[in-house]
Amino acid sequence: MKDIKLFILLLILIAGGIDFQVLASSQNRDSLAFTDLFSEEKPLLIDLCADYVSLFDDVSDKRVYHDAKFRVKSPSSAFSDMTVKVKTRGNFRLRKQTCNFPPLRFKFEANQTRGTIFHGQDKLKYVSHCQNFRKDYEMHTLEEFLIYRMYNVFTDYSYRVRLAHINFIDVNRRDTIQRYGFFIEDKEHLADRIGRQPLKFRNVKQYQVLRSNILVLSLFQCMIGNCDWDVSRLHNVDLMSVNEHSLPVAVPYDFDWSAIIAYDYFVPDPQIDLESKYKRRYKSYRWSDEEFETAFASFHEHRDELMSLITDFTYLEKDNRLKLLAYVSEFYDLISSKNDVKEYILKQAKKIPTDQ
């Protein structure tokens, strides 16, 4: 019966003049274009032509999108020219005293992106190089990109990123500047990928989040020396859940305040003892010994992959790679010592309320 129904459906489609080759190639193209943005590793090569004076002056709470010309010179495809809209974004990095080149948000139109590597994308965050005349800031941007990639190693509950080398062209002065930055996966796309939906609930406690997820997240933040996150305030963390009655998962973002990067504006958390052996802070709870052992085993399992990820990332200068390797290695020294785990993780851990 099923075969007969399929045969009848095929006859109807053929009678209607459906070109199956065109249909299949169109579907494949659209599907590949949607996934390729974050599945490929080579940097996108892009020309972005805009009025940057007007764009960068628009930093108020009522800032709007500005028109821009966008040319993608993808390593794996032909040129793609489109019109996009772009505006400044962020909080701390939006301040001109912090970044003279702020982070951006791109808005794409479906009729412009069809058949391109940006097909299926609507709005995307872009992390910029921050300072035009500071080479170390561009390196720090690459370091933050690499942190996202490192977290991808541990869990699918993580934002994917795509490196880009953009040629910023000013429409009025014809000035140009080329710098590395990266696009961050859209929140809704991430939610679809992991089979969940974004939550906007505040005051969710860490012990109300999927245990294995929050333990890996908090240890990873400890590894990179980042204290600039908070689940209950949804500060640099997104919560996602299957529904309102299931345990949510936490997905971190914005790692620029990590000690492993050490931007000039980085200030250590006041609760960190700068005289201690490990200048890190573990910002989570005292889970069971078995849960810690499982999490530590996962970190040890991925150690070689993390180190290779850093070593092979040649867009970073050698000194920057050595810095990252040393900082990560120090964390592995910590979790390899039972005494140090007790002193610098377990003693710092908060107690889970007894009514949980």
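**Basis.** This is a predicted model, in which local features need pLDDT of at least 70, side-chain atom pairs count only at pLDDT 80 or more, and totals for chains, interfaces and linings use all residues. Residues are numbered from 1 along each chain as its sequence is written, and side-chain values use heavy atoms, with hydrogens and water left out.

**Overall build.** The protein chain has 11 helices and 10 strands. Helices (H or I, at least four residues) and strands (E, at least two) are DSSP runs, numbered from the N terminus. Of the 356 residues in the protein chain, 50% are buried. Buried means under 20% relative accessible area, exposed means over 50%, and partly exposed lies in between (1.4 Å probe, protein chains only). Contacts (heavy atoms within 4.5 Å) were also counted along the sequence. Among those between residues at least 6 apart in sequence, 68% join residues at least 24 apart.

**The disulfide.** A search of the whole structure finds 1 disulfide, defined as a pair of cysteine sulfur atoms within 2.5 Å. Cys 99 and Cys 130 form this link, with their sulfur atoms 2.1 Å apart. The angle about the S-S bond is -90°, and the link is left-handed. Cys 99 lies in the loop between strand S3 (80-88) and strand S4 (104-107), while Cys 130 lies in the loop between strand S5 (123-127) and helix H5 (135-154), so the pair ties together parts that are 31 residues apart in sequence. Both Cys 99 and Cys 130 are buried. Cys 130 also has a positive phi of about 75°, although it is not a glycine.

Cys 222 and Cys 227 need a separate look. The closest cysteine sulfur to that of Cys 222 is in Cys 227, at 8.1 Å, which is too far for a bond. For Cys 227, the closest cysteine sulfur is in Cys 222.

| Residue | Relative accessible area | Class |
|---|---|---|
| Cys 130 | 1% | buried |
| Cys 222 | 1% | buried |
| Cys 227 | 15% | buried |
| Asn 236 | 9% | buried |
| Asn 243 | 32% | partly exposed |

**The barrel.** 7 strands close into a barrel in the order S1-S2-S3-S4-S5-S7-S6, with mixed pairing. Two strands pair if DSSP finds at least two bridges between them. Neighbouring strands of this sheet are turned by 40° against each other on average, direction ignored. Helix H5 packs on the sheet, touching S5, strand S6 (161-170) and strand S7 (176-184). The direction of H5 makes about 20° with that of S7. Such axes are lines fitted to C-alpha atoms, for helices over the stretch in contact, and angles run from 0 to 180 degrees between N-to-C directions. Leu 104 has Tyr 126 in S5 as its bridge partner.

**The open sheet.** 3 strands form an open sheet in the order S8-S9-S10, with antiparallel pairing. Strand S8 (197-199) and strand S10 (249-252) are the edge strands, each pairing on one side only. Neighbouring strands here are turned by 45° against each other on average, direction ignored. S8 is joined to strand S9 (residues 237-241) by 3 bridges. Pro 198 stands opposite Met 240 in S9.

Asn 236 is found in the loop between H7 and S9. Its phi is near 55°, a positive value in a residue other than glycine. Asn 243 lies in the loop between S9 and S10. The side chain of Asn 243 reaches the backbone nitrogen of His 245 at 2.8 Å. A polar contact is a pair of N or O atoms within 3.5 Å; within protein, one must be able to donate a hydrogen and the other to accept it, and residues adjacent in sequence count only if both atoms are side-chain atoms. Asn 243 and Gln 197 are 46 residues apart in sequence and 7.3 Å apart in space, C-alpha to C-alpha.

**Helix H9.** The buried residues of helix H9 (residues 303-311) are Leu 306, Met 307, Leu 309 and Ile 310. They cover an arc of only 155° around the axis, which puts them on the same side of H9. The arc is that of the directions from the helix axis to the C-beta atoms. These buried residues of H9 pack against H5, helix H7 (211-224) and helix H10 (318-335).
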